[in-house]
Amino acid sequence: MSDSQGPLWEVFVQKKAGQPFVHCGNLHAYDKEMALQNARDLYTRRGEGMALWVVPTAAIVASSPEDQGSFFEPSNDKVFRHPTFYPMPDVIKHM
Amino acid sequence: MENKDFEAIFENKLAKNEMVEPKDWMPDNYRKHLLRQISQHAHSEIIGMLPEGNWISRAPSLRSKLVLLAKVQDEGGHGLYLYTAAESLGTSRDEMLDALQTGRAKYSSIFNYPTLSWADIGAVGWLVDGAAIMNQVMLQRTSYGPYARAMVRICKEESFHQRQGYEVMTHMAFGTPEQKEMAQDALNRWWFPTLMMFGPPDSESPNSENAIKWRIKRETNDQLRQRFVNQTVEQVQYLGLTIPDKNLKWNESKKGYDFSEPDWAEFKNVIKGNGPCNKERLDARNKAHNEGRWVREAAAAYGKKQMEQYAAA
Ligand SMILES: [Fe+2]
Ligand SMILES: [Fe+2]
């Protein structure tokens, strides 16, 4: 059955200026303005945020769960990316 | 990977209290169970707007009108959160609305009872939302991610619903003798239908076992019902009202109240479509849907044009 509710959009809210936009849910809307207005009505009725992004769900490219192991594998064998990899002389108190 | 491996990954996720996400493999019956439960839940939020909406134009003060409007608007939002959670399992909004509007899908039996007086608006917020919250607090930790996240938002918003209902009840119960009588009458009519909201007794609940096994639910119908009664008795006593159940009695050994079961034959009958307002609710829902058709069509046509211009630019 075709959907008469318009395409799906993902909604991201920024709580305060300077903070990251966080995904909070999705909604149906026919165009950008409507998506933004619906997002405001649906997700920010109680001061949850001061800025919104709406993104067509179809535009999102996601990794797939089956990838989980291999796709992120390269990060596991590069311990030198972490500060704890490097021994520090005891006398150095701050670095 | 074989199906067996996928199943092992799924079982392992449940065992570790991790959430199942839309793209993860899941057993067909798990998906079916969720689809049924989440869409029924969504329908209940939407149909639940009708008995309360009935009083918006007749609220006794501007303040109570604003509060009731805000509450009913929240319920509409809850329906939308839940519909999109269900859509992530592979159905469409239109399919779900069609199932609702042709009577194939169910919604909570409670909304097939009428709201006869202003005290009913108090009783609905206090008891019906109270019972719904008890269920929804548990569902915040349900195993399907989109459902759990919708529940977290819903629970945040629900907390004012029960309190505004109880406030109406206090005004009525501490008002004139006539008002107190209306409050008692509302309690009399809503008590047992509210207890039915938790679903049939565990011994006769065909879907419960799987729901617990899959961590969709974490507590049984009877456990939630017992907790609700234990919590509510004190609230009734404060109002100076009486729960319409002669068998209600504190039971020290179980540290909880004994109480009468609701009339399960009535419950089944209401679910079947024979409650006092089933027809009225479906008619109202269909009327709103049909009268809104031209708006959806116009908005869709406008939206399509906008997107084409956007793509061309
Ligand atoms: Fe709700
Ligand atoms: Fe509510």
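The following legends describe close-up views of a predicted model.

**View 1. Glu75(B) as a bridge between the iron ion (ligand 1) and the iron ion (ligand 2).** The two ions lie 3.4 Å apart. Glu75(B) belongs to helix H4 (residues 62-87) of chain B and Glu158(B) to helix H7 (residues 145-173) of chain B, so the pair ties together parts that are 83 residues apart in sequence. Glu75(B) is buried, with a relative accessible area of 5%. Glu158(B) is also buried, at 2% relative accessibility.

**View 2. The open, antiparallel sheet of chain A.** Its three strands are arranged in the order E2-E1-E3. Strand E2 (22-28) and strand E3 (51-56) of chain A form the edges, each pairing on one side only. From one strand to the next, the twist averages 30 degrees. Strand E1 (residues 8-14) of chain A pairs with E3(A) over six antiparallel bridges; Gln14(A) has Ala51(A) in E3(A) as its bridge partner.

**View 3. Helices packed on the sheet of chain A.** Helix H1 (residues 32-43) of chain A touches E1, E2 and E3 of chain A, and its direction makes about 115 degrees with that of E2(A). From chain B, H4(B) touches E1 and E2 of chain A, with its direction at about 90 degrees to that of E2(A).

**View 4. The salt bridge between Lys71(B) and Asp129(B).** The closest N and O atoms of this pair are 3.0 Å apart. Lys71(B) lies in helix H4 of chain B and Asp129(B) in helix H6 (residues 118-139) of chain B, so the contact ties together parts that are 58 residues apart in sequence. Both Lys71(B) and Asp129(B) are buried.

**View 5. The salt bridge between Arg225(B) and Asp222(B).** The N to O distance is 2.8 Å. Both residues lie in helix H10 (residues 221-239) of chain B, where being three residues apart separates them by about one helical turn. Arg225(B) is buried, at 0% relative accessibility, whereas Asp222(B) is partly exposed, at 27%.

Definitions and conventions. Residues are numbered from 1 along each chain as its sequence is written. Chains are lettered from A and ligands numbered from 1 in the order in which they are written. This is a predicted model: local features need pLDDT of at least 70, side-chain atom pairs count only at pLDDT 80 or more; totals for chains, interfaces and linings use all residues. Side-chain values use heavy atoms; hydrogens and water are left out. Donors are N, O and S atoms within 2.8 Å of the metal (3.2 Å for Na, K and Ca); water is not among the atoms, so sites may look incomplete. Helices (H or I, at least four residues) and strands (E, at least two) are DSSP runs, numbered from the N terminus. Buried means under 20% relative accessible area, exposed over 50%, partly exposed in between (1.4 Å probe, protein chains only). Two strands pair if DSSP finds at least two bridges between them. Axes are lines fitted to C-alpha atoms, for helices over the stretch in contact, and angles run from 0 to 180 degrees between N-to-C directions. Contact means heavy atoms within 4.5 Å. A salt bridge is a side-chain nitrogen of Lys or Arg within 4 Å of a carboxyl oxygen of Asp or Glu.
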